[in-house]
Structures are given as structure tokens and as C-alpha cells.
Amino acid sequence: MLRGLFDWVVSWAQTPYGVWALGILAFTESSFFPIPPDPLLIVLALGDPSRALWYALLASIASVLGGMLGYLIGWGFMEAVGNRIMDFYGGRRRFDAIKALYDRYDAWAVGIAGFTPIPYKLFTISAGVFRINFKVFVLVSAVSRSARFFLVAGVIYLFGESIQSFIDQYFNLLSLLFVILLVLGFVVVRWGLNRTAQPQSSR
């Protein structure tokens, strides 16, 4: 299913609506959609390396706004929407463990999820549930998401054609690896939250 969604997401780069799709994808991935915007960002940036940094900026802004939506869902709409999203990703039954991460790392837990393949939406929604300081949440989200997208786009901007030929040659392999990393992100969350919850259950 993830590979099918991945291919569908990337296909938008071949349409006149690729930039719009990037913004919408970055926004929705922060609160409910499973596929991150990175693949589409890469394909768009390769198509026009001179605009790579602009695409990264768009993805960053849209992602932070989407994270704010996730926070709002957790803050006031858990019964209507949030619980269904969390159940889909297996996060609601681990609320205690997520809360323990916030107690330990505060909003930096969001930063880790924002920069890595860990499902960002679990942490944006739970940040609203646990009333994490909103200004700090936005700041950490902006830093982590921007670092992630500008790192990718910056490499393409700097190396352009040389890295394009490499990605063109190994695109199928790289796309498969990306899906594997995405799945591993979910696995890491489940494993990590289970370990975090163990000390609580033993007390």
C-alpha cells in the first residue's frame, strides 16, 4: 500500500500541479497522510535544480502549518478526528509512553520526529493533547522540518546534474529504500514507545 501511495505521490511531479501537490502533501502529512513530501520534493527539485530551495521553503512552511493543524486536532478534536488518526497509526494505545517522551524531552520530541522518518503526525497530535507549549512547538517544528527539507534540496541545488544522473540511474532502488525507511519509522515508534512504557508498568 505504501509503495502504491509513493508512486502516486511522485507522479504529481509530471503534472502542472506538482508544486501545489507538494504544498498539500507537506501540509496533510503533518496531521494524517502517511507519505512524507520528500519524494515529490526530490523529483521536483531534480526537474529544476535552480528552484530546489524554493521547493524546500514551500514544503517547510506547509509542513509547519500542517503540524499546527495536528496540534489543534489533539487540543480540541480528539473525539471527532484525532482518535481515528492515532488508532490508524497505532499511537493512541501508547499515549502514556508518548507523554513520557514529552515529559523527558518536552517539544524536542517533536523535533526528532520532524527530522527523521518517525511518523510526525503522532507527535503533532499528541502535542496538542498534552498541551505542549505552542510557541516552542512551532519553533521546534520549523527548525526540524526546514533542516530536513533544505538538506535534501540543498544537495540537489549544489550538485545538480551530477546527482541527477545518479538518482535517475538508481531511482527504483532509492524509492524502495525510502519506503523501507518509512516502514522502519513506524517500527521504531512502536518499539521505542513500548520500551518507554515498560518502566511505568513496572512501578
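This is a predicted model: local features need pLDDT of at least 70, side-chain atom pairs count only at pLDDT 80 or more; totals for chains, interfaces and linings use all residues.

**Overall layout**

Going along the sequence, I read the pattern of the protein chain as α-α-α-α-α-α-α-α-α-α. My tally of the secondary structure is 10 helices and 0 strands.

I looked up burial next, and 48% of the 203 residues in the protein chain are buried. The accessible surface of the chain comes to about 10500 Å², and carbon and sulfur atoms hold 68% of that. I also checked contacts with a separation of 6 or more: residues 24 or more positions apart account for 79% of them.

**Helix 2 against helix 4**

How do helix 2 and helix 4 cross? I found that the axes of helix 2 (residues 18–29) and helix 4 (residues 52–76) come within 6 Å, at a crossing angle of roughly 35°. The crossing is right-handed.

I listed who meets whom. From helix 2 there are Val19, Leu22, Gly23, Ala26 and Phe27. Their partners in helix 4 are Tyr55, Leu58, Ala59, Ala62, Ser63, Leu65, Gly66 and Leu69. By class, I get 10 nonpolar and 3 polar residues in this contact, with no charged ones.

Is Glu29 buried or exposed? Its relative accessible area is 3%, which is under the 20% cut-off, so I put Glu29 down as buried. Setting aside neighbours within four places in sequence, I find Glu29 in contact with Ile35, Pro36, Pro37, Tyr120, Lys121 and Arg145.

Over in helix 4 I picked Ser60. Ser60 is at 3% relative accessibility, so it counts as buried. With neighbours within four places left out, Ser60 contacts Arg145, Ser146, Phe149 and Phe150. I marked Arg145 in my notes, as it is on the contact list of Glu29 and on that of Ser60.

**Helix 4 against helix 5**

How is helix 4 set against helix 5 (residues 78–88)? Their axes come within 8 Å and cross at roughly 120°. I therefore call the two helices oblique to each other. Helix 4 passes helix 5 in a left-handed crossing.

The contact is made by Ile73, Gly74 and Gly76 from helix 4, which meet Met78, Val81, Gly82 and Ile85 from helix 5. I sorted these residues by class and got 4 nonpolar, 3 polar and no charged.

I stopped at Gly82, which belongs to helix 5. Gly82 has 0% relative accessibility, so I logged it as buried. Not counting residues up to four places away in sequence, Gly82 touches Ile73 and Phe77. I also took the C-alpha distance from Gly82 to Gly70, which is 8.3 Å for a pair 12 residues apart in sequence.

**Helix 8 and what follows**

How many residues of helix 8 (residues 120–129) are buried? I count 9 of its 10, so the helix is mostly covered. The buried ones are Tyr120, Lys121, Leu122, Phe123, Thr124, Ile125, Ser126, Ala127 and Gly128. Tyr120 and Lys121 had already turned up in my notes as contacts of Glu29.

Arg131 follows helix 8, and its phi is positive, near 55°. I place Arg131 in the loop between helix 8 and helix 9. At 47% relative accessibility, Arg131 counts as partly exposed. With neighbours within four places in sequence ignored, Arg131 is in contact with Tyr71, Gly74 and Trp75. I looked up one more pair here: Arg131 and Leu72 are 59 residues apart along the chain, and their C-alpha atoms are separated by 10.0 Å.

**Tyr157 in helix 9**

My last stop was Tyr157, which lies in helix 9 (residues 134–169). Tyr157 is at 42% relative accessibility, so I have it as partly exposed. Which residues does Tyr157 contact, leaving aside neighbours within four places in sequence? I find Pro49, Ser50, Ala52 and Leu53.

Methods:
Residues are numbered from 1 along each chain as its sequence is written. Side-chain values use heavy atoms; hydrogens and water are left out. Axes are lines fitted to C-alpha atoms, for helices over the stretch in contact, and angles run from 0 to 180 degrees between N-to-C directions. Helices (H or I, at least four residues) and strands (E, at least two) are DSSP runs, numbered from the N terminus. A crossing is left-handed if the near helix is turned anticlockwise from the far one by less than a right angle, and right-handed if clockwise. Contact means heavy atoms within 4.5 Å. Ala, Val, Leu, Ile, Met, Phe, Trp, Tyr, Cys and Pro count as nonpolar, Asp, Glu, Lys and Arg as charged, and the others, Gly among them, as polar. Buried means under 20% relative accessible area, exposed over 50%, partly exposed in between (1.4 Å probe, protein chains only). Accessible areas come from the Shrake-Rupley method with a 1.4 Å probe; for residues, only the protein chains shown count as cover. Angles under 35 degrees count as roughly parallel, over 145 as roughly antiparallel, 65 to 115 as roughly perpendicular and the rest as oblique.
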